[in-house]
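Subject: Structure handover

Hello,

Here is the structure I said I would pass on to you. Please open it before you read the notes that follow.

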Amino acid sequence: MYKDIPLEEALAILMEYTRPLGFDEIDIIEALGRVLYEDIYAGFPLPPFDRSPLDGYAVRAEDTSAASRDHPVLLQVNQTIYAGDLPAGPIAPGEAAAIATGAPFPPGANAVIKIEDTKLVAEDQVLIYSQLKPGDNYINKGDDVPEGERILTRGMLITPAVIGLLASLGRKTVKVFKKPKVAALSIGDELVGIDEPRPDGKIYNSNIYAISAQITEAGGIPVPYRDTVDDQNQIANLLNTCLQENDMVITTGGVSVGKRDYVKEAINISGANTLFWKVNIKPGTPIVCGEKNGRLIVGLSGNPSAAMITFYMLIRPVIQKITGLQQVHLPNVTAIMDEPFKKKSKQRRMLRAKVYWKNGCYHAVPSGMQSPGALKSMLQCNALIDIPGGKGPLSIGEEVKAILLSTNYVL
Ligand SMILES: Nc1nc2c(c(=O)[nH]1)N[C@H]1C(S)=C(S)[C@@H](COP(=O)(O)OP(=O)(O)OC[C@H]3O[C@@H](n4cnc5c(N)ncnc54)[C@H](O)[C@@H]3O)O[C@H]1N2
Ligand code: MOO
């Protein structure tokens, strides 16, 4: 078992035990936010035929070479092509085809003049008021996506644009990585459920809800369990149930050095192998991690903000890797402190902060009280300022590294 290890080392250990789970085939309409399991190749070009980008007339550009505002050219309209139609036939010299946006080009035409630069003078005669070059307003088949191109790749997050492309290629269903089931359980004699009365000295179990929401946000399926009291055998039994029924287990509370902090012992009793205890990061230091049959148990601090922050740094990338996502690391930016942070910190600290864009660069302010049990400061927190151990206090104007948790408030 490793003890007091750097954050990056803890993450590397967790990642080592993390594998994707296979795939589900689902309707594309259900696929937003899932991760592509398959590479997608274009079975046909997009657009699938040469087409007009405008409502107007398809012409031979050569026929318009003498056209101007004062001396329009008269062409014979030999057909009308609407979107969804096929051309009735080619156009010959001196002819034009009325054409709608998205309609296929007739053979012989090599440009489109927009309707505003023409005037219909009889049912089948049109005046052309400007010159065109071959290829003007002409969309070739495959201009957007050539046939055979690998347009989407395994491991990509499915966005609305991905869904649009799948539909353009006629895909009704798509293979996506399976979501992991992640057990969430909270440990502590002081906890009561939100549907129960709260006697003095007790607190509502908020972690189970916040952590479940973070599991969902990371792409997993949260499976909340009833909270459990500080009893090592009960915790161990519950851990084993959770391990059997889920792909991973997250607990909060009972990981420190108190007499009744039993999660470390319970991991042992459950038959899991302890991988590490304590990570060099404030808040959330006493995090513990075990593994049994390739499934991870991660015990986070009971302190609500500490649990959420260590979740962002250590659990989110793990769940995202199980969901098959290629890009799991949070982006970071350099920001300028707009308020001081007065504490010097022995350990590396993740300071809850609000980052925003001002005068051409990022700025940051602490987002409130930094005590590990204070939750309100997570409300406006869109970033964690990564302060190395031994550094601080931070003064106004100082440059810091800010790890972005979301783009809320950033712009
Ligand atoms: N003597 C020492 N004491 C502590 C140390 C230490 O090194 N020496 N470490 C401190 C640090 S750092 C942390 S972090 C906490 C971690 O404590 P635990 O993970 O054992 O958590 P608990 O003691 O069970 O709870 C801490 C705090 O959070 C509240 N809590 C717990 N569960 C929930 C929940 N589900 N929902 C809402 N709030 C919860 C709990 O009531 C406590 O107030 O230990 C320090 N102590
Ligand atoms: O590591 Mo703890 O969450 O700071 O008090």
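In which strand is Asp4 found? Asp4 sits in strand β1, which covers residues 2-5. Please keep in mind throughout that this is a predicted model.

Asp4 is worth a look for its backbone. Most residues other than glycine have a negative phi, and most peptide bonds are trans. Asp4 is not a glycine, yet its phi is positive, at about 55 degrees.

The bond from Lys282 to Pro283 is cis, and its omega is near 0 degrees. Pro283 belongs to the loop that joins β17 (273-279) and β18 (288-292). The bond from Gly392 to Pro393 is cis as well, with omega near -5 degrees. Pro393 is in the loop between β23 (383-387) and β24 (399-404).

Overall form

The protein chain has six helices and 24 strands. Its radius of gyration is 31 Å, well over the 22 Å that the globule rule gives for 411 residues, so the chain is more spread out than a compact globule.

Two packed helices are described by the angle between their axes and the distance between the axes. Two pairs can be described in this way, and α6 takes part in both.

How do α1 and α6 cross? The axes of α1 (residues 7-16) and α6 come within 10 Å, and the crossing angle is roughly 30 degrees. The two helices are therefore roughly parallel to each other, and their crossing is right-handed. On the α1 side the contact involves Leu7, Ala10, Leu11, Leu14 and Met15, which meet Met313, Leu314, Pro317, Val318 and Lys321 of α6. By class, this contact has nine nonpolar residues, no polar ones and one charged.

The other pair is α3 and α6, whose axes come within 10 Å and cross at roughly 25 degrees. An angle under 35 degrees counts as roughly parallel, so α3 is roughly parallel to α6. This crossing is right-handed. From α3, the residues in contact are Asn207, Ala210, Ile211, Gln214, Ile215 and Ala218. They meet Pro304, Ala307, Met308, Phe311, Arg316, Ile319 and Gln320 in α6. The contact of α3 with α6 divides into nine nonpolar, three polar and one charged residues.

Ligands

Which helices each supply at least two residues of the shell around ligand 1? They are α3 (207-218) and α6 (304-322). There are 28 residues around ligand 1, and Ser186, Asn207, Gly253, Ser256 and Gly302 come nearest. Asn207 is also one of the α3 residues that meet α6. By class, the shell around ligand 1 has 10 nonpolar, 16 polar and two charged residues.

Around ligand 2 are Lys282, Pro283, Gly284, Thr285, Ser301, Asn303, Ala306 and Pro372. Three residues of this shell are nonpolar, four are polar and one is charged. Lys282 and Pro283, both in the shell, are the residues joined by the cis bond with omega near 0 degrees.

Regards

Key: Residues are numbered from 1 along each chain as its sequence is written. Chains are lettered from A and ligands numbered from 1 in the order in which they are written. This is a predicted model: local features need pLDDT of at least 70, side-chain atom pairs count only at pLDDT 80 or more; totals for chains, interfaces and linings use all residues. A residue is near a molecule or strand if its C-beta atom, placed from the backbone, lies within 6 Å of it. Ala, Val, Leu, Ile, Met, Phe, Trp, Tyr, Cys and Pro count as nonpolar, Asp, Glu, Lys and Arg as charged, and the others, Gly among them, as polar. Helices (H or I, at least four residues) and strands (E, at least two) are DSSP runs, numbered from the N terminus. Axes are lines fitted to C-alpha atoms, for helices over the stretch in contact, and angles run from 0 to 180 degrees between N-to-C directions. Angles under 35 degrees count as roughly parallel, over 145 as roughly antiparallel, 65 to 115 as roughly perpendicular and the rest as oblique. A crossing is left-handed if the near helix is turned anticlockwise from the far one by less than a right angle, and right-handed if clockwise. Two residues are in contact if their C-beta atoms, placed from the backbone, lie within 7 Å. The radius of gyration is taken over C-alpha atoms; the globule rule is 2.2 Å times the number of residues to the power 0.38.
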